[in-house]
Amino acid sequence: FGQLGDGTTVERTTPVSVDLGEGKSALGISSGGSHTCAVLNDRSVKCWGQNSNGQLGDETTTDRSAPVHTAMNGEDVLSVSAGSYHTCAIMEGRSVMCWGDNWNGQVGDGTNADRSSPVEIEIPSNSSAVSLDAGAMHTCLGMNDGSMFCWGYNAYGQLGNGGYSNSNSPRTVPLSSNQLLTSVQVGLFHSCALLDS
């Protein structure tokens with residue numbers, strides 16, 4: 001699908017460079033199911049690869065074999081996380097934006113409609129986002145007050161809210177600890193949180 005970003009769809013057995021544009025370098029990168037996204041040194045985001053559900057965020061569903069800008073409307077990005085067919089980012093103001101496949105509610109905007117451009121996610125907290133991971137079909141977020149939220153597919157309890165129903169908006173994860181949360185990581189059907197000891 002062009003997920004290597006070298007302008008081709010040729011498979012490679014050795015690393016190839018990705019042209020991010022003149023004067024541009026990557027500060028962070030995340031690889032999803034068949035797409036890749038990077039935060040650049042100007043705090044913009046470029047993505048490439050499969051775009052069947054709008055996961056590149058360029059307002060299309062056209063696959064891209066070279067990096068294209070995600071339509072962040074000029075907002076600066078701190079980090080990005082690519083899931084199987086969706087992508088999320090923490091913005092400089094510590095808000096969260098997501099886009100792409102939303103069949104299971106993994107975009108988190110309260111709908112199940114795919115989004116080909118980023119939408120801001122309403123987090124039910126006065127705290128700020130510090131850690132985010134987009135999984136195959138669900139997303140989890142850690143806040144600087146130690147709280148945690150997850151949304152999306154939940155058939156195996158991976159949202160951590162005590163139930164098994166999907167959620168298309170963030171739901172609180174009742175952590176049984178007063179320790180601060182420093183990182184969240186999401187697998188295919190499970191989620192984990194790293195707590196500060």
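Val77 has Met91 in S6 as its bridge partner. The strands here are DSSP runs of E with at least two residues, numbered from the N terminus. This is a predicted model, in which local features need pLDDT of at least 70, side-chain atom pairs count only at pLDDT 80 or more, and totals for chains, interfaces and linings use all residues. Residues are numbered from 1 along each chain as its sequence is written, and side-chain values use heavy atoms, with hydrogens and water left out.

Let's step back to the sheet. Strand S6 (residues 86-91) runs antiparallel to S5, and five bridges join them; two strands pair if DSSP finds at least two bridges between them. Four strands make up this open sheet, in the antiparallel order S5-S6-S7-S8. Strand S5 (77-82) and strand S8 (115-120) stand at the edges with a single partner strand each, so one side of each has no neighbour in the sheet.

Now for the aromatic rings. Rings of Phe, Tyr and Trp (its six-membered ring) pair if their centres lie within 6.5 Å, with planes under 30 degrees apart counted as stacked, over 60 as edge-to-face and the rest as tilted. The count comes to two aromatic pairs. Tyr153 and Phe189 are tilted, at 6.2 Å centre to centre and 55 degrees between the planes. This pair links distant parts of the chain, 36 residues apart. The ring centres of Tyr156 and Phe189 are 4.6 Å apart with planes at 40 degrees, so this pair is tilted. Tyr153, Tyr156 and Phe189 form one aromatic cluster.

How exposed is Tyr156? Its relative accessibility of 52% counts as exposed, where buried means under 20% relative accessible area, exposed over 50% and partly exposed in between (1.4 Å probe, protein chains only). Phe189 is partly exposed at 31%.
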